[in-house]
Amino acid sequence: FLLSALSPAAAESWFDFDRTGLAADWNQPSGDAKLSWEEGPAGESGPAGQSLRVRGPARGFVCTRRARLPAGLAAQEAVVMQLRGHGGDTQASVEVQFLEADGKSKVWRKVEIAGGPWHEVRLPLRYFRTAGPRLPQWEQVRFFAFFLRTAGEFSVDDIRFVSRPGGDARL
């Protein structure tokens, strides 16, 4: 994954967990994964306020409800988020996924999340991998998800999409 500043691009905030609710925006987790709120301690670097905490065994899965993604994903360059692992020296191996409505075709990107302070992760959409019986189309994507490849626990906040002239999500 890439860590970078956002200076040359415009960012549209999508999920800041101070403004959204788990029940309204996220489906019930599967594979024994758990979702909860985490309140950021005062004075800590990183996002302020609440964040989403995900924990579970390998193959745990959490995804948004239908129609929670912004329109025009094909015109976006990257998805950017704040991440923090809770496993000490053990990294959580997670897939960030975008799934089509039928759940059969998707684009995904593996992210290793180490314990420690918050850090910003920038994932260019054009470098996501594809999976499924057909090539996924950004216009058909309806869900955003985290799939735990290994057991792990992490927090996420301030998920946003970044666009700039000439940047797009062509696969």
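Mentor: A residue is called buried when its relative accessible area is under 20%, exposed when that area is over 50%, and partly exposed in between. With a relative accessible area of 7%, Glu95 falls under that 20% limit, so Glu95 is buried. Keep in mind throughout that this is a predicted model.

Some background on the chain comes before the details. The protein chain has one helix and eleven strands. Followed along the sequence, these run in the pattern β-α-β-β-β-β-β-β-β-β-β-β. Of its 171 residues, 45% count as buried. Among contacts with a sequence separation of 6 or more, 80% are between residues 24 or more positions apart. The accessible surface is about 8200 Å², and carbon and sulfur atoms account for 49% of that.

Now the interior itself. In soluble globular proteins, nonpolar side chains tend to be buried together. Here the largest nonpolar core holds 34 residues, and the members that touch the most others are Met81, Phe98, Phe144 and Phe146. Several elements give two or more residues to this core: E1, strand E3 (50-56), strand E5 (78-85), strand E6 (92-100), strand E7 (106-113), E8, strand E10 (141-148) and E11.

Aromatic rings come next. The structure holds 15 aromatic pairs. In one of them, the ring centres of Trp14 and Phe15 are 4.4 Å apart and the planes stand at 65°, so this pair is edge-to-face. Both Trp14 and Phe15 are buried. Trp14 also pairs with Phe161, in a tilted arrangement with 5.5 Å between centres and 55° between planes. Trp14 is in strand E1 (residues 10-15) and Phe161 is in strand E11 (residues 152-163), so this pair ties together parts that lie 147 residues apart in sequence. Trp14 counts as buried because its relative accessibility is 11%. Phe161, with a relative accessible area of 1%, is buried as well. Ring pairs link both residues into a cluster, whose other members include Phe17, Trp26, Trp37, Phe98, Phe128 and Trp138. Phe144 and Phe146 belong to this cluster, and they were named above for their contacts in the core.

Side chains of opposite charge can pair when their charged atoms come close. The structure holds twelve salt bridges. One of them joins Arg122 and Glu77, with 3.1 Å between the closest N and O atoms. Arg122 is in strand E8 and Glu77 is in the loop between E4 and E5, so placed that the bridge links parts of the chain 45 residues apart. Arg122 and Glu77 are both buried; for Arg122, the relative accessibility is 13%. Pro124 counts as buried because its relative accessibility is 7%.

Glu95 forms a salt bridge with Lys106, the closest N and O atoms being 3.9 Å apart. The bridge runs from strand E6, which holds Glu95, to strand E7, which holds Lys106, across eleven residues of sequence. Lys106, at 21% relative accessibility, counts as partly exposed. A further bridge joins Arg160 to Asp158, with a closest N and O distance of 2.9 Å. Arg160 is buried at 8% relative accessibility, whereas Asp158 is partly exposed at 22%. Separately, Glu38, Arg53, Arg84 and Glu153 are linked in a network of salt bridges.

Most residues other than glycine have a negative phi, and most peptide bonds are trans. Asp32 is not a glycine, yet its phi is positive, at about 65°. Asp32 sits in the loop between helix H1 (22-25) and strand E2 (34-39), and it is exposed, with a relative accessible area of 61%. Arg59 likewise has a positive phi, of about 80°. Its place is the loop between E3 and strand E4 (61-63), and its relative accessible area of 62% makes it exposed.

Methods. Residues are numbered from 1 along each chain as its sequence is written. This is a predicted model: local features need pLDDT of at least 70, side-chain atom pairs count only at pLDDT 80 or more; totals for chains, interfaces and linings use all residues. Side-chain values use heavy atoms; hydrogens and water are left out. Buried means under 20% relative accessible area, exposed over 50%, partly exposed in between (1.4 Å probe, protein chains only). Rings of Phe, Tyr and Trp (its six-membered ring) pair if their centres lie within 6.5 Å; planes under 30 degrees apart count as stacked, over 60 as edge-to-face and the rest as tilted. Helices (H or I, at least four residues) and strands (E, at least two) are DSSP runs, numbered from the N terminus. A nonpolar core is a set of buried Ala, Val, Leu, Ile, Met, Phe, Trp, Tyr and Cys residues joined through side-chain atoms within 4.5 Å. Contact means heavy atoms within 4.5 Å. Accessible areas come from the Shrake-Rupley method with a 1.4 Å probe; for residues, only the protein chains shown count as cover. A salt bridge is a side-chain nitrogen of Lys or Arg within 4 Å of a carboxyl oxygen of Asp or Glu.
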